[in-house]
Every structure is written in structure tokens, then in C-alpha cells.
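This report describes the architecture of a single protein chain. Please keep the sequence and the structure in view while reading.

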Amino acid sequence: MVDIDNLWIELSRNFPVLSGSVCFVETDSGNFQKLREDVIRLGLSESVSEILWSEFQSAIRDKVVPLFWSNFPVRVDTSKCDFELRYQLFLRFAAAVENLYKTFNCLKLLLNRLNKLSLIPNKKWNLNSTLLEALLGQMPTGFNEAVLAFYYVAFQIHLQLHSKNARVLLDADVILKKAECHVCNKKINSCECLSLESTVNKVNTALREMELLDGIAGQSLTSLVQKCIQEHIKETCHGIFDRSFLRQLENWLDETVISWLRKVFSPTCLNTSVNDAETTNIVKGFKVKLTYFLYENVALSIIEQFFSIIIDFPESIPAINDLKICMEKIDMRKHFIQTLSNTLKIRVLHPGVNTMDILTGYIAAIKAIRYLDNSGIILETVTAPIREYLCKRSDTVRRVVTGLTEEGPTDLTEELAKGETVKDNDKIDGNEELNNWENWLPDSFGIDQSARVQLTNINRSADIISMVVDIYGSKELFMNEYRNLMADRLLTSLDFNADKEIRNLELLKLRFGESLLHSCEVMLKDITDSKRINSHIASDSKFNENKMFDISTFIISAQFWPSFNKESLELPEEIANEFDKYTKAYEAYKGNRTLNWRPVTGRVSIVIEIGERIIEMAVAPTQAIILYHFQSKDEWTLEDLSQITKVPSTILRRRIGFWITHGIIGETRPGIFKLLEEDGKKSQFDTKNINQTLGDEDVESAMASASDQREEELQVFWSYIVGMLTNLDSLPLDRIHQMLKLFASHGVGIEFTQDELKNFLQRKVREHKLIYSGGVYQLYK
């Protein structure tokens, strides 16, 4: 007969968990064998085993796990703590794991004894999973920070002992200066990093044997490694675009991070060529995820700086190549479009940036984005807001034309010099794409279909000048502006470079066709013919008789030149007579042709005598005539001088201001001007800077402004508008616009928008020719 009390005492002695202890006590094998036989004889084997396993679970849940968690603070912010605090957490974590590992081994021995007691050997009692579940179920909030601190120090130790760069620094600087180790804070000659590394290996071995490494340290390891990768990317390649870093970063990831993770998950296999299959699979999984993370963060870093990359293009091509590789592996196109669009909006698309800088950025963006993605979809999406913004700026066309023709190398002049022709806006024939099938690439995946629909084949292959011209969608508008600028240069620059103008004209003809530039050819021919005619008339002895001064003219064909502004000037009789003599000489030379003079445009060389001083100058005609009238009368009122010169008072006051500024004429009283003839009073200019003291007319265009020219074009519709309002009494703006487009614009050949028509009609309202009331226009009665 077996005594139950003695049986329980014997069970408690062999299994201390029954009495609340988790230590392992060696017992006599004979006594244990007798205990096993008694339990089996009483048929209690299964029941006793379940009771003991339940006590195992309770001991783990109520004693082992709380004791382990008691080693860690409730909450620690490792992002703000110093290395000393991390080091203390490192030591605390190592000690806690060591104690847990000892307890685990005791429980493991007791579990082996329990398996021997059971009738069913090797019963699946999983101590590892039970421990992990209990640990995760009671995990304090500050534990992840403690784990993060432990592996942060462990990674620093690894870098200190195994990183090539760290060893170079250690040999070159630290030893020479006898500095402290930045990990253990000991002198280099007594550095404890090797012993600390041994501690790390022991901790990792213990966690791995308890199958807790991934469960309680996996998340912190991942966070730490990702943070290290982000910091390394920032320190290595941020702000440097002329070098490729992707291969270097991949090597760093493999040689530094992956090698450390391999050491963490299999410290016993360090520096060996063979790892167990489990460790190999874990490290492979980490490598795949971290490589993806590396590509993603390299791409994010480059995208964040892509505005600077655009400015530095083409020097920044290596950085774009890195981004291309990353985007082939990870779909970052949507993020790229959104980030770059927002950056351009903040840094470029606002009134504080001048138009030429926006155009420069637009051209650079075309080059850089097209190099990144030759499909054209990203380019179309990102640059659309720039085109819309430039379209709203009044000086965009003039700036583009100036960029095409100005001296010195610019993006536009370089593109113009390539001599490529602008294709028509018609889509490329499908057969042409089939013929170029070797270079065909599919459209980028993940882009809005609206951008795909809007993108045409011309936008994919168009050159930069074509895309700049496409801002307004009209080559005619650009050519008209070029004609205006060319007219200004020809009329204001007496020593203009004809060869350069001809070269620019020929290059533009290659791109835009001869028909749009025929007027410009005539303008250049007019200047050449004018020089020949001037030489012929100057050699005419009849014209040279009693000549007061030399005349050199630009004789232009009015129908091919832009409209001139409306300024006028009445010449004194003796000067007008000289012009009449030139006209007669021209008529004698050309037979049935005559001249209509525009005296307000040109340059006059004059000599001013003030006392004993003689000043030679080249000024605008209006300024010369003003001073000419002061020869006959020392003092003039603004009204009298305006009447005799036929120059409006507002314009005349500005022209007189030139002489006032330089001390030739003074305003004695409001509206009354007097010639200052004191010899002692020096003028602000002298003979050595004559060429720099020209009037403000020299910087003003002789051509009518674009708005004035447009006003003149729309004037042809005025008779149609009057007829409509006469028959229908009153009409709203949209109805007038529709009727003009339907009945009038096709015959005249002039296109106009509703906004342009509105401005024209509002001008007629201000001139009291129309009345606007209740949203409709009526004739003024």
C-alpha cells in the first residue's frame, strides 16, 4: 500500500515547482525510479503530469517572468538619452537575460524529469513557447527601449572591432592621442570592448536557445538597423549629386549590417563559412527586407533633393542614375510626382521669382526628368503647373525669345544651335513607332490615367524649344514677339551684328518654317538696302549743296514691320527742309517711291556750347528738338513747348527731365523751364561718358506694345460689334464672342479668347462708345 502523503512529499522533492521553487535539485535515481513505479501503479501518471505542467506554467507566469521584467524601467526615451544611459541599460539587459537563462535551464531539467515520469515519453510540452507567451503577455512599456539600447551598444562594439573605417580611425588618431574608447569609455590600452562583445554573444546565444531572440528582440533590431541605414545614407550622400553611392551603400549593408545580424543570430558560427539552415533563412529574410528598405530610403533622399539635382544637371546625373535603379525596384513614381510638384510650387511658382529664372528651372526640369523617365508621363505631370503659371505671366514670350537670341551660351541658344526641326502637332503615325520598336518602352505603371491620356507622342519626343513654345500652344505668337525684339535691336543698335541676326534667323527657319519668318528676312534686307541707299544719296552732289547736317536713314517696308507706338514729333522748319531734300533725292533715285518719316525714332549727334565748354552727345530726336527750341528762347512753359513740338505734356516732361538731371535746363517754377547757361556750373556728364548718357527713350521700345498691337487687331471686329448691337440692342459677352467666332473670325483670320474680347469691350466702355449694365453691352446713346 502506497502512502499518498509520502508520495506527494517525494514528488515535491523531485519537482520543486510544487512548493513554489524553480531550482533544480539532484535526487537519487533509485528513489525517482521507485516514485515513477508508484505513480504508475496508482494510475496517476497522467494526472500528476498535468498537475506538474500546470505548476510549471504558473511558476513561469507568476515568478520567472515578473522577476525578469522587474529589471527594466517603465519608460525610457533612448532618442534623447546619452550613451552612458544606453550603456547602463546594456549591462542591465545582459544581467537579466543571464538570470533568465539560468532559470530556463533549471526548468528545462525539471521538464526532462517530468517526461521520464510520464507514461508517454517525449510528450509535447513546449517550454520555449510557454515562456515567450508569458513574456509577451506581461511586457512593460519600457522594454523595447531597453532592448534597443542593448543592441545599439552591441552594434557600436561591432563597428569598433570589425569595421574597416573604425579600425583606420583607431590606428591613425585614437591610439596616437591615447583617447578613450567611445563605447566602453576606457583608455584604448585597457579597452573592454572584446569582453563586452563576449557578453553580447552570450546574451544572443541564451536568447536563441530559449527561442526568444526574434520574439522579444526582433522588432527592436529591425528599428535599430533601419535607423542606422537612414543615418548612414544621410551622412554619406546627402547633398552630393556628382557621385553614385548605391553600390557603396549596398556593400556597406552587406559587410557591416548583414554581417552583424548574422553574428547576432548565430554567434557560434561567426567567421565560418557554414551556418545552420535556420540562421541562413533568418539572415536572408533580413537581407531582402533591408535591401528593399535601403533602396526606398535612397530614393526618398534623392527625391527630397531633386530640385537641387535639377539645378545641378547634368553634373547630377550620377544621383539620377541611382534613383532610376531604385525606381526600377520600388514604385516611387507617385511619391516623386507629388513631392517634386509641391517643391516647385513652393520654390518657383510665386511672384518673387523672375520669369527668366522660372524658364531656366523649367528647361533644367525637362532635361533631368526626361533623363530619369523617357516615357514622358512624369515630365508631363510635373511640368504642367509650370506651363500654366508661365502662361499667365505677361513677359514669358519676350523672355523666351530673348533667351533664344541673346549673346552668350544659354540653354535655349544651345538648343537652337542643334538645328532640329519642330514637328507638327499631329500625332506620329503608328507605323513610325513600329519602325522604332527596338527603342520602345512601356508606359510607367501606377500613374494616373488622365496623364496618360493627355500625353501625346509629340510630347514624348519633342525637344526643349518645342516644349517651351508649347507653353502658349502657338508658334505665331513667339514669332511675332521675335519680330518685335528684332525690330527694336535693328532700330536702336547702329552697330548691330548682322551676321549674328542672320544666323539666328536661319536657325529659327529650320525649326519654325520660312513662312513665319518671311517678315524678318525683309526687315534685315531693309537695313542692308538702307545702307546702300544712304551711300548713294550721300555721294549725290546736288543733295550735298547747302546741307546743314548729315542724314542717315533706315528705310523700312512698313507692311513687314511691327506697328510703331503712337508718339509724334513736329520738326522745326529748317530741319524739316533737310528731310524734304533727302526725300526728293530718294524719289529721284527710286522713281515712283517716296518716304514717310518717323522723326521720333532714331539717334541725333549734337554739340552743346555752354560758355567755354563744348559737349558732344548722341541723344534721342525728341530730346534734341527740345534743346533746339531753347536756342531761340531761353524760357518755355510746358504747354507752349508741347504745342510747338506736338508732344503730349506728360511725355514731354519726361523728356525734359533728361536735361534737368544733367544741369542743362532747370525748372524755375512749376511748368516753366529755363536754359541754364552758367559756365561755372558743371554738367553731370562730360565727353568721356557721352555714350553712356543717353535718354530714357533709348531703353523704351519704338514698337507698339503687345497689348496695343492686339488692340489694333481686334479693332477690325468693332464694325461687326456695332452692327450686332444696332440690330439686337443688347448682348452679353459670351453671346458676342460666339457670334464673332461664327461669322467674323474666319474671314479675318484672327483668333481671340473671351478674356481678350472682354478687355476690348471694357476699353470701349471707358471711351463712352459702349454701356455695360446688368451683364450686357449696349451702344452708347
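The sections below treat the overall fold, the strands and their pairing, the salt bridges, and the surroundings of one threonine.

## Overall composition

The model is predicted. The protein comprises 34 helices and 8 strands. Of its 781 residues, 44% are buried.

Among the contacts with a separation of 6 or more, 72% are made by residues 24 or more positions apart.

## The β1-β2 hairpin

Strand β1 (residues 604-610) runs antiparallel to β2, and 7 bridges join the two. Within this pairing, V604 stands opposite V619 in β2. The two strands form a hairpin with 2 residues between them. In the turn, G611 has a positive phi of about 65°.

Strand β2 (residues 613-619) is largely enclosed by the rest of the structure, because 5 of its 7 residues are buried.

## The three-stranded sheet

Strands β3, β5 and β4 form an open sheet of 3 strands in the order β3-β5-β4, with antiparallel pairing. The edge positions belong to β3 and β4, each of which has a single partner strand, so one side of each is left without a neighbour in the sheet. On average, neighbouring strands of this sheet are turned by 30° against each other, direction ignored.

Strand β3 (residues 635-637) pairs with strand β5 (residues 672-675) over 3 bridges. Here E635 stands opposite K674 in β5, and the bridge partner of T637 in β5 is I672. Strand β4 (residues 665-669) is joined to β5 by 4 bridges, with E667 opposite F673. A hairpin with 2 residues between the strands connects β4 and β5; G671 in this hairpin takes a positive phi near 85°.

## Helices across the sheet

Helix α28 (residues 638-645) lies across β3 and β5 and runs at about 85° to β3. Helix α29 (residues 649-661) lies across β4 and β5, running at about 115° to β4.

## Salt bridges

The whole structure contains 15 salt bridges. One of them joins the side chains of R653 and E667, at 3.3 Å from N to O. This pair links distant parts of the chain, with R653 in helix α29 and E667 in strand β4, 14 residues apart. R653 counts as partly exposed at 36% relative accessibility, and E667 is also partly exposed, with a relative accessible area of 35%. E667 therefore takes part in this salt bridge while standing opposite F673 in the sheet, and its relative accessible area leaves it partly exposed.

Helix α29 also supplies R655, which forms a salt bridge with E567, the closest N and O atoms being 3.3 Å apart. E567 lies in the loop between α25 and α26, whereas R655 lies in α29, so the pair ties together parts that are 88 residues apart in sequence. E567 counts as partly exposed at 22% relative accessibility, but R655 is buried, with a relative accessible area of 0%.

A further salt bridge lies within a single helix. The side chains of D529 and K525 meet at 2.9 Å, N to O. Both residues belong to helix α25 (residues 518-538) and are 4 residues apart, about one turn of the helix. D529 counts as buried, because its relative accessibility is 19% and the cut-off for a buried residue is under 20%. Elsewhere, R763, K764, E767 and K769 are linked in a network of salt bridges.

## The surroundings of T583

T583 is found in helix α26 (residues 573-590). With a relative accessibility of 9%, T583 counts as buried. Leaving aside residues up to four places away in sequence, T583 touches T594, L595 and W597. With W597, the side chain of T583 also makes a polar contact of 2.7 Å, which joins the side chains of the two residues.

How values were computed
Residues numbered from 1 in each chain as written. Predicted model: local features only at pLDDT ≥ 70, side-chain atom pairs only at ≥ 80, totals over all residues. Heavy atoms only, no water. Buried < 20%, exposed > 50% of the residue type's maximum accessible area, 1.4 Å probe, protein only. Polar contact = N/O pair within 3.5 Å; in protein donor to acceptor, adjacent residues only side chain to side chain. Contact = heavy atoms within 4.5 Å. Pairing = 2+ DSSP bridges. Salt bridge = Lys/Arg side-chain N within 4 Å of Asp/Glu carboxyl O. Axes fitted to C-alpha atoms, helices over the stretch in contact; angles between N-to-C directions.
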